[in-house]
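This report goes through one protein model, section by section. The sequence and structure come next.

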Amino acid sequence: MPTEFHPPAPVPAAAIATDAGHAQAEPVSRGWITLFGLVWFGYWMASLVPLQLLLPQQLEVIDPVSKVHSFAVVNALAGVVSLLALPVCGALCDRSRSRFGRRRLWLAGGALFFAAGLAVTGEQTTVVGVTLAWSASMLGLSAATAGLTAMIADRVPVDQRGVVSSAIYGPQALGVVVGIALVSAFALSPASGYLVVAALLVVCTVPFLVRFRDTSYDSEPALRLRTLLASMGRSLRNRDFAWAFGGRLLVNLANSLGVCYTLYFLTDDLKVSDPAGSLLACTALYLVAGVLASSVAGVLSDRLGRRRIFVALAALLQAAAGFLLASFPDLGVTLVASAVMGAGFGAYMAVDQALITQVLPDAESRAQDLGIMNIGTVVPPALAPLIASFVITSDRGYPLLFSCVGVAATVGVVLVYRVRSVR
């Protein structure tokens with residue numbers, strides 16, 4: 001992704017919704033955006049390279065006969081951990097008080113815990129061990145996510161959030177490609193691969209932590225479970241928040257269903273002669289289209305002061321890719337669909353991240369509410385392999401799977417347009 005962005009043209013105050021009743025923040029610098037994007041580059045590499053490559057390789061060695069089932073179970077249980085940990089970490093992040101700054105504290109601690117979890121996961125030699133270690137890693141990921149996403153609502157003015165959201169999701173596919181390329185180029189074992197992505201996660205996080213500060217706070221009483229549940233209930237009863245959450249959950253599920261078994265689709269269904277090479281080509285097209293679309297959509301959304309139309313069109317691109325693959329399953333169509341899905345997902349996540357920061361019900365519980373929203377980002381990739389494993393073993397197989405992609409993304413569009421407080 002580009003390392004610099006030109007500041008967007010000023011948007012009239014009425015063009016974009018206010019942020020939870022708080023005053024407009026000062027614009028963040030290009031340096032802040034660049035280093036923030038670098039953190040997310042390391043984050044995506046550490047979280048997605050294991051899902052795309054390292055976990056499948058590791059489980060194939062441990063249990064080659066049941067590798068598909070084992071992969072689905074590992075990710076499903078890790079998804080349950082994320083489902084519980086994301087809102088709890090967000091709520092605790094809101095209530096943390098330290099001289100180091102509450103957001104930086106959770107980002108630093110979460111990144112270190114996640115890196116340690118990755119290293120431990122690589123050393124496991126049983127399915128149970130992999131499941132426990134990878135699930136524990138999700139605690140670190142959830143903590144880091146709480147600090148990262150709350151920084152947007154804390155520090156970034158509304159009319160810059162499209163650009164900053166592009167800095168989050170632009171590096172996603174790039175992180176996957178770079179991580180896979182490193183593992184492949186040096187013929188690393190899964191254990192070594194985990195260590196590499198863990199180290200790069202820390203390296204990418206440190207510059208941002210060193211250069212930028214957030215507000216420090218005095219101590220505050222500990223969070224009670226009843227208080228947390230009551231606060232989460234209030235947030236989910238907010239209609240715009242609930243519609244935005246539902247749309248995010250479905251569109252992310254659509255994307256995850258569309259990509260989680262691409263290698264097996266190329267190998268078992270299309271029976272291409274070079275599945276690994278074809279997968280690399282699909283990934284590269286997804287990457288290029290996603291980076292371009294996320295950068296363009298974020299800037300345009302800020303300039304025009306519009307969110308919903310960009311989110312809807314991006315989700316429809318993913319729906320089109322799913323229906324295309326369901327109707328015409330061959331390698332050429334798969335390459336085209338990869339580019340379309342990458343563009344749709346890149347644009348969607350860039351603008352949707354900006355949209356959700358504008359529907360947060362309470363400025364005092366931003367990290368908690370973003371933790372709920374992040375369930376819609378982190379949990380679908382974890383649950384998609386389990387769902388897809390049942391679909392592809394049915395009589396309809398991959399055509400049904402890709403039809404589900406199209407339907408889920410389309411329903412997500414409908415939910416987004418139920419949001420009324422954001423244009």
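Ile 309, Leu 313, Leu 316 and Tyr 417 make a nonpolar surface patch of about 320 Å². Patches are made of residues with over 30% relative accessible area and no salt bridge; like charges are joined within 9 Å, and nonpolar side chains (Val, Leu, Ile, Met, Phe, Trp, Tyr) within 5 Å. A salt bridge is a side-chain nitrogen of Lys or Arg within 4 Å of a carboxyl oxygen of Asp or Glu. Accessible areas come from the Shrake-Rupley method with a 1.4 Å probe, and for residues only the protein chains shown count as cover.

Leu 313, one of the patch residues, lies in helix H12 (residues 308–327). Its relative accessible area is 48%, so Leu 313 is partly exposed. Here buried means under 20% relative accessible area, exposed means over 50%, and partly exposed is in between (1.4 Å probe, protein chains only).

## Basis of the model

This is a predicted model, in which local features need pLDDT of at least 70, side-chain atom pairs count only at pLDDT 80 or more, and totals for chains, interfaces and linings use all residues. Residues are numbered from 1 along each chain as its sequence is written, and side-chain values use heavy atoms, with hydrogens and water left out.

## The chain as a whole

The protein chain has 15 helices and 0 strands. Helices (H or I, at least four residues) and strands (E, at least two) are DSSP runs, numbered from the N terminus. Of the 423 residues, 56% count as buried. The chain exposes about 16900 Å², and carbon and sulfur atoms supply 67% of that area.

Among contacts with a separation of 6 or more, 86% are between residues 24 or more positions apart. Contact means heavy atoms within 4.5 Å.

The largest nonpolar core has 124 residues, and Trp 32, Phe 36 and Phe 208 have the most contacts inside it. Helix H1 (residues 30–62) gives the largest share of this core, 18 residues. A nonpolar core is a set of buried Ala, Val, Leu, Ile, Met, Phe, Trp, Tyr and Cys residues joined through side-chain atoms within 4.5 Å. Not counting residues up to four places away in sequence, Phe 36 touches Leu 148, Met 151, Ile 152, Val 164, Ile 168 and Phe 208.

Val 164 and Ile 168 are also among the buried residues of H5. In helix H5 (residues 161–169), 9 of the 9 residues are buried, so the helix is largely enclosed by the rest of the structure. The buried residues of H5 also include Arg 161, Ser 165, Ser 166 and Tyr 169.

## Salt bridges

Side chains of opposite charge can pair when their charged atoms come close. The count in this model comes to 5 salt bridges. In one of them, Arg 248 meets Asp 352 at 2.8 Å, N to O. Arg 248 lies in helix H9 and Asp 352 in helix H13 (residues 331–357), so the pair ties together parts that are 104 residues apart in sequence. Both Arg 248 and Asp 352 are buried.

Asp 302 and Arg 307 form another salt bridge, with their closest N and O atoms 3.0 Å apart; both residues are buried.

## Trp 243 in helix H9

Trp 243 is in helix H9 (residues 239–259). At 29% relative accessibility, Trp 243 counts as partly exposed. Leaving aside neighbours within four places in sequence, Trp 243 is in contact with Leu 415, Arg 418 and Val 419. The C-alpha atoms of Trp 243 and Ile 356 are separated by 10.0 Å, although the two residues are 113 residues apart along the chain.

## Cysteines

A search of the whole structure finds 0 disulfides, a disulfide being a pair of cysteine sulfur atoms within 2.5 Å. Cys 89 is in no disulfide, and the nearest cysteine sulfur, that of Cys 93, is 8.7 Å away. Cys 89 counts as buried, at 11% relative accessibility.

## Positive phi in two loops

Ala 187 is not a glycine, yet its phi is positive, near 50°. Ala 187 sits in the loop between helix H6 (171–185) and helix H7 (190–211) and is exposed, with a relative accessible area of 67%.

Lys 271, also not a glycine, has a positive phi of about 55°. Lys 271 is in the loop between helix H10 (262–269) and helix H11 (275–304) and counts as exposed at 61% relative accessibility.
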